Amino acid sequence: MSKAFDELVARDKKVLCQTYGRYPLAITKAVGCRMWDVDGKQYVDLLSGIAVAGLGHSHPELLEVMREQAGELIHVSNLFYQPRQVELAEKLVATCACDRAFFCNSGAEA
């Protein structure tokens, strides 16, 4: 491993709970399905951020939509009505055989 990687791992172990077994890889940048490590080596992201980056990394159109939404609000609890949430549910229901959508916080609720 490189010095940059070893230094990052040492910092990680000092300040983070060691909950996960990690691969010996430190990612610093990603675009589309490509990722780069602390040493500039390129990889193909086959995990999709474990289902949260299935659209790829740093896509210009997605970044613009995310910037726009972050300018309005980032997160609101399901305890409140949300116009954008209703709009999304309407679009989803219109494309499938379901009558309603359920937005949840984790796989446990799903």
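Biologist: How many residues apart in helix 1 are Glu7 and Lys3, and about how much of a helical turn separates them?

Modeller: Happy to. A word on the ground rules: this is a predicted model, in which local features need pLDDT of at least 70 and side-chain atom pairs count only at pLDDT 80 or more, while totals for chains, interfaces and linings use all residues. Numbering starts from 1 along each chain as its sequence is written, and side-chain values use heavy atoms, with hydrogens and water left out.

Now to your pair. Glu7 and Lys3 sit four residues apart in helix 1 (residues 3-15), so about one helical turn separates them. Helices here are DSSP runs of H or I with at least four residues, strands are runs of E with at least two, and both are numbered from the N terminus. Glu7 and Lys3 form a salt bridge, their closest N and O atoms being 3.9 Å apart; the term requires a side-chain nitrogen of Lys or Arg within 4 Å of a carboxyl oxygen of Asp or Glu. Side chains of opposite charge can pair when their charged atoms come close. Lys3 is exposed at 66% relative accessible area, whereas Glu7 is partly exposed at 42%. The classes are buried under 20%, exposed over 50% and partly exposed in between, with a 1.4 Å probe and protein chains only.

Glu68 pairs with Arg84, the closest N and O atoms lying 3.8 Å apart. That pair links distant parts of the chain, since Glu68 belongs to helix 3 (residues 60-72) and Arg84 to helix 4 (residues 83-94), 16 residues apart. Arg84 also bridges to Glu72, with closest N and O atoms 3.0 Å apart. Here too distant parts of the chain are linked: Glu72 in helix 3 and Arg84 in helix 4 are 12 residues apart. Glu68 is partly exposed at 45%, as are Glu72 at 47% and Arg84 at 40%.

Back towards helix 1, Arg22 lies in the loop between that helix and strand 1 (27-31). Arg22 is exposed, at 56%. Beyond its neighbours within four places in sequence, Arg22 is in contact with Asp12 and Leu16, contact being heavy atoms within 4.5 Å.

Finally, the wider setting. The protein chain has four helices and three strands, running α-β-β-β-α-α-α from the N terminus. Its radius of gyration is 19 Å, well over the 13 Å that the globule rule gives for 110 residues, so the chain is more spread out than a compact globule; the radius is taken over C-alpha atoms, and the rule is 2.2 Å times the number of residues to the power 0.38. The C-alpha trace spans about 55 × 30 × 30 Å along its principal axes. Buried residues make up 12% of the 110 residues.
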